[in-house]
Amino acid sequence: MRKRTSRETIYRSRSLTSLMLLTLSSAVDEIIAVGRRFDARGMAAATTGNYSVRLENGRIAITVSGCHKGRLVSNDVTQMSLDGLPLEAQTPSAEAALHAGVYRLYERVGAVLHVHSVASTTITRLLPEGTDIVLEGYETLKVLPGVFTHDTRVVIPVFDNSQDMPALARKVQARFATLQPEPPALLLRGHGLYAWGATVEEAERVVEALELMMSCELETLRIGRRM
Ligand SMILES: [Zn+2]
């Protein structure tokens with residue numbers, strides 16, 4: 001963990017996976033399946049988390065508010081516009097604005113996955129204000145899109161949590177507009193992780209890789225020293 005500087009995002013970002021826009025039906029299937037996988041790994045407790053997919057019709061499929069992500073059915077996925085506005089009777093996730101903001105920022109993003117995972121929630125509660133997560137030297141960094149060596153540094157921006165998601169989305173957009181190359185994820189303090197990719201599969205890999213590396217960071221802190 002390091003104090004934020006403007007020079008820290010130094011890895012080169014290039015997606016290895018092409019953006020493949022899905023039909024609503026395929027997106028629903030993928031969202032239901034990833035919810036079950038996250039639940040099996042303890043990353044979908046209670047009604048936490050939300051998932052979205054960019055559709056071929058330009059809309060966003062997103063989980064509805066308040067459902068258990070390990071037990072999703074097709075009715076638990078609704079559609080919203082790229083501006084985060086509901087397009088069906090069901091209410092999208094309360095965090096829809098953040099999802100929509102990521103899609104507007106990055107055209108290559110086809111899926112956004114958000115989990116209240118243990119390492120993400122815990123490590124951000126330990127960080128001093130204005131501090132991002134900096135991951136260096138991990139072989140697992142190579143799982144991230146466009147990272148080809150452990151010998152690099154990846155910054156995961158951390159934002160203070162808020163119940164005003166549109167305002168938080170504006171903060172994220174303002175900061176991310178200045179970050180090159182694009183980060184693979186963001187963290188909300190005491191809340192969880194947002195990760196994205198060209199596909200659900202790629203975004204899921206980013207979630208898993210970051211959760212593993214943040215667990216290692218926490219373990220290093222617990223031991224109290226680096227080798
Ligand atoms: Zn959340």
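Helices (H or I, at least four residues) and strands (E, at least two residues) are DSSP runs, numbered from the N terminus. By that count the protein chain has five helices and 10 strands. The structure is a predicted model, in which local features need pLDDT of at least 70 and side-chain atom pairs count only at pLDDT 80 or more, while totals for chains, interfaces and linings use all residues. Residues are numbered from 1 along each chain as its sequence is written.

Seven strands form an open sheet in the order E4-E3-E2-E5-E10-E9-E8, with mixed pairing, where two strands pair if DSSP finds at least two bridges between them. Strand E4 (77-80) and strand E8 (158-159) stand at the edges with a single partner strand each, so one side of each is left without a neighbour in the sheet.

Within this order, strand E5 (residues 111-115) pairs in the antiparallel sense with strand E2 (residues 50-54) over four bridges, and His 114 of E5 is the bridge partner of Asn 50. E5 is also joined by five bridges to strand E10 (residues 192-197), again antiparallel, and here His 114 stands opposite Tyr 194. E10 in turn pairs with strand E9 (residues 185-188) in the antiparallel sense over four bridges, with Leu 186 opposite Tyr 194.

Is strand E5 enclosed or open? A residue is buried if 20 or more other C-beta atoms lie within 10 Å of its own, exposed if 12 or fewer, and partly exposed in between, with C-beta atoms placed from the backbone. Five of the five residues of E5 are buried, so the strand is largely enclosed by the rest of the structure. In a regular strand the side chains alternate between the two faces of the sheet. In E5, Ala 111, Leu 113 and Val 115 are buried on one side, and Val 112 and His 114 are buried on the other.

Leu 113 also belongs to the largest nonpolar core, which has 57 residues, and is among the members that touch the most others, as are Ile 31 and Ile 156. Helix H5 (residues 200-223) gives the most to this core, with eight residues. A nonpolar core is a set of buried Ala, Val, Leu, Ile, Met, Phe, Trp, Tyr and Cys residues joined through C-beta atoms within 7 Å. Across the protein chain, buried residues make up 41% of the 227 residues.
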